[in-house]
Amino acid sequence: MRRFIDELTRRGELAVVRRPVDPRHQLAAVTKAVQKAGEQAVLFESVEGTAFPVVSNLYGSHERLCRLIGAGEGRTFCQRWIELTDACLAGRDADVLEPAPASAAAEFQDGTLSDLPAVTWHERDAGPYFTSAIFLAREPDSGVPNLSFHRAMQVSDRELRIRLGSTHDLARYQAKAEARGEALEAALLLSCPPEFFLAACASLPYEASELVMAAKIAGGRIAMRPAKTIALDVPAACDIVVEGRILPNVRRPEGPFGEFMGNYVGVGDNHVFEVSHVGYRPGAVFHGLLCGSPEDLRPLEAVTAARVYRHVSSQVPGVLDVCCRPNVMISIIKIRKTYEGQGKHAILAALGSHLDYNKVVIVVDEDVDIYDLDDVMWAYMTRGRADTRAMILNDVPGFYRDPHKDHWGRLCIDATMPFGREAEFARKRVPGEDGIDLREWLA
């Protein structure tokens, strides 16, 4: 984490807050202000109630995500992510994991949850939450490791209450252990190099290892050290680790909490994580994430777009790129159109690519900036009829956590030009506009 922060500093991508900040709402408010101003990460050097600095918005930039996985130079995020995923599926833990030196564990000092920042993010949150915690656990039968995100409410030094999404692999691990009357051992990784955060975002088959994915992103082997109180190895490069187990047949009230869609999820009886050890390196930096902010959405959007891209490009020719901005509920597909109806074919393929998130699908031509919703809507408004190019599909189930069916239905828009009339819709250009540096003209 420190190396990553140092790199951001060198690039001018880190804002620093030196004055003391209150972890109850104020830290979140400043983080939100930094995100509105741009894409910089922000480091809080002095957080009340803890000796740990807090960093946020590390992953709030699509360009930064591309750089972290080696995209660029003709490869989009989607294309590069698919390359990494395929390499992961072809790899094995034994090929990429290695024991850390025996001295690695000695670098960590013992602590408690009370030592760590207690950040309350939203007005009606039940209390402090770990929002960026990466859960590491192993499948009870095969031993395959899984990395995943789950919110964790800080209750005491011995207890966290966590919400396991029903479609996540960790929920299946826990259910399998619980059916046997067993606790599921797990570790929360709270300060990690980027490869672990990004690997935890990946949507992999049940039998695949996110640790292999992390190694592919990092481009090398990963050193692992034994945990202190549970039978797990954890990445030696992670600076803050909370060890424990998810208790079987125990549920306690958790929430409310402000989730990624921008509203609150109410109180519910959720899983209990019993803490057995907290360890950290001296000088560690704690990573906190504002749910629903660019740091939460940009990675989710990017990996969802890659999933949609893989599926659609296998069905329809001419797919150039996919994005899901400004919200993961929308997929915007860029195509090089070669036949009439190609946009509608892309829409149909996209609808089957991710049933949770494709609430809106829009297809555009290759000259449209799919990361700029203004440009996307300009294409829809100016390149044809509003009625015949839009389609509403009623009563199609959507996001899995939707008891009132608020996310049922689909809106599909073919915003491409009429086939064979491309010359009529050629964009006007100002020669030389892209080469203007205003600093040379306004000095």
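Phe135 stands opposite Leu188 in strand 11. The model is a predicted one, in which local features need pLDDT of at least 70, side-chain atom pairs count only at pLDDT 80 or more, and totals for chains, interfaces and linings use all residues. Residues are numbered from 1 along each chain as its sequence is written, and side-chain values use heavy atoms, with hydrogens and water left out.

Strand 11 covers residues 184–189, and five of its six residues are buried, so this strand is largely enclosed by the rest of the structure; buried denotes under 20% relative accessible area, with a 1.4 Å probe and protein chains only. Helices (H or I, at least four residues) and strands (E, at least two) are DSSP runs, numbered from the N terminus. Strand 7, residues 134–138, pairs with strand 11 in the antiparallel sense over three bridges; two strands pair if DSSP finds at least two bridges between them. Strand 11 also pairs with strand 14 (residues 240–254), again in the antiparallel sense, over six bridges. Within strand 14, Val241 is the bridge partner of Leu189. In a regular strand the side chains alternate between the two faces of the sheet.

Another part of the model holds an open sheet of three strands, in the order 4-12-13 and with mixed pairing. Strand 4 (97–99) and strand 13 (233–235) stand at the edges with a single partner strand each, so one side of each has no neighbour in the sheet. From one strand to the next, the twist averages 45°, where angles run from 0 to 180 degrees between N-to-C directions and axes are lines fitted to C-alpha atoms, for helices over the stretch in contact. Strand 4 pairs with strand 12 (residues 222–226) in the parallel sense over three bridges, and Met224 of strand 12 is the bridge partner of Pro99. Helix 8, residues 210–218, packs on this sheet and touches strand 4, strand 12 and strand 13; the direction of helix 8 makes about 140° with that of strand 12. Contact means heavy atoms within 4.5 Å.

Helix 1 (residues 2–10) and helix 3 (residues 62–69) pack at an angle of about 125°, their axes lying 14 Å apart. Helix 1 is therefore oblique to helix 3, since angles under 35 degrees count as roughly parallel, over 145 as roughly antiparallel, 65 to 115 as roughly perpendicular and the rest as oblique. Phe4, Glu7 and Leu8 of helix 1 make the contact with Arg64, Arg67 and Leu68 of helix 3.

Terms used: Buried means under 20% relative accessible area, exposed over 50%, partly exposed in between (1.4 Å probe, protein chains only).
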